[in-house]
Amino acid sequence: MMKELSCKTPGEFEYKDAQKPILSQGKAIIKIKRIGICGTDLHAFEGTQPYFSYPRTLGHELAGEVCEIESNSEFQIGDLVTIMPYFSCGTCVACRKGKTNCCQKISVFGVHEDGGMREYVSVPISTLIKREGLQLDQLAMAEPFAIGAHGVRRAGVKPGDRVLVIGAGPIGLGVMEFAKIAGGEVIALDINEQRLDFCKNMLNIAHTLKASEQTKRKLKD
């Protein structure tokens, strides 16, 4: 048996006993060590997350330790890993074209199926990523930071480009950092003065703008 935290209905969690997963072909059993709280989790708890059903075990920003795995895997028992929480079928038209995000049967861990707010999870080996020198706290941040990295890569940011990042929340901060790494000159835009101060003082973002009607007119001009 293991412990599990389940969101029974909007606004209500249940801490309960659950069956520990059993190792199956192509899967690994991971002992969860760290869990990040995503906006998706907050919306699910509030009851405002679309395409969602209850009860559901939340959690997809994860770091853990390999406990059980096939002997012929590149991973070993004791390895620290993070998990790509987007499970695709691998056989539909979109998957065959390499567009796994458009999979006809896409399942997001902690959204469409029970996620990581439990002691142990069973996940496809193909979704595991080795820690590569990262600590557990850093591993749990890999998924949200990957969103920022993906956005900057798709935008094709080059040295000298000016990059306006609208919103200085966690994802926005990741975008700023990766844009800086790519050589971009970052401008942070937000309605929250404290967030902008954080960008200026902690991330060394030279240009910050507080969104207002006046700002809108200036940007338009």
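## Basis of the description

A residue counts as buried under 20% relative accessible area, as exposed over 50%, and as partly exposed in between, with a 1.4 Å probe and protein chains only. The model is predicted, so that local features need pLDDT of at least 70 and side-chain atom pairs count only at pLDDT 80 or more, while totals for chains, interfaces and linings use all residues. Residues are numbered from 1 along each chain as its sequence is written, and side-chain values use heavy atoms, with hydrogens and water left out.

## Salt bridges

Side chains of opposite charge can pair when their charged atoms come close. A salt bridge is taken here as a side-chain nitrogen of Lys or Arg within 4 Å of a carboxyl oxygen of Asp or Glu, and the structure holds eleven of these salt bridges. One of them joins Lys8 to Glu12, with 3.7 Å between the closest N and O atoms; Lys8 is partly exposed at 33% relative accessibility, and Glu12 is partly exposed at 35%.

Another salt bridge brings together the side chains of Arg34 and Asp137, at 2.6 Å from N to O. Arg34 belongs to strand 3 (residues 27-36) and Asp137 to helix 3 (residues 136-139), so this pair ties together parts that are 103 residues apart in sequence. Helices (H or I, at least four residues) and strands (E, at least two) are DSSP runs, numbered from the N terminus. Arg34 has a relative accessible area of 33% and is partly exposed. Asp161 and Lys158 also meet through their side chains in a salt bridge, at 3.6 Å from N to O, where Asp161 is partly exposed at 25% relative accessibility and Lys158 is partly exposed at 49%.

## Aromatic pairs and charges over rings

Rings of Phe, Tyr and Trp (its six-membered ring) pair if their centres lie within 6.5 Å, and the pair is stacked with planes under 30 degrees apart, edge-to-face over 60 and tilted for the rest. By this rule there are four aromatic pairs. Phe13 and Phe45 make a stacked pair, 5.0 Å centre to centre and with 15° between the planes, and this pair links distant parts of the chain, since Phe13 is in strand 2 (residues 12-18) and Phe45 in helix 1 (residues 39-46), 32 residues apart. Phe13 is partly exposed, at 36% relative accessible area, as is Phe45, at 31% relative accessibility.

The ring centres of Phe145 and Phe178 are 6.4 Å apart with the planes at 75°, so this pair is edge-to-face. Phe145 in helix 4 (residues 142-155) and Phe178 in helix 5 (residues 170-181) are 33 residues apart, and their pair links distant parts of the chain. A charge sits over a ring if NZ of Lys or CZ of Arg is within 6 Å of the ring centre and within 35 degrees of the ring normal. Lys20 lies over the face of Tyr120, 4.3 Å from the ring centre, and the charged end of Lys130 sits over the ring of Phe75, at 5.5 Å from its centre.

## Nonpolar cores

A nonpolar core is a set of buried Ala, Val, Leu, Ile, Met, Phe, Trp, Tyr and Cys residues joined through side-chain atoms within 4.5 Å. The largest nonpolar core has 15 residues, of which Ile30, Ile69, Ile83, Val121, Val123 and Leu128 touch the most other members. Strand 3, strand 4 (61-68), strand 5 (80-83) and strand 8 (120-124) each supply at least two residues of this core, and strand 3 gives the most, with three residues.
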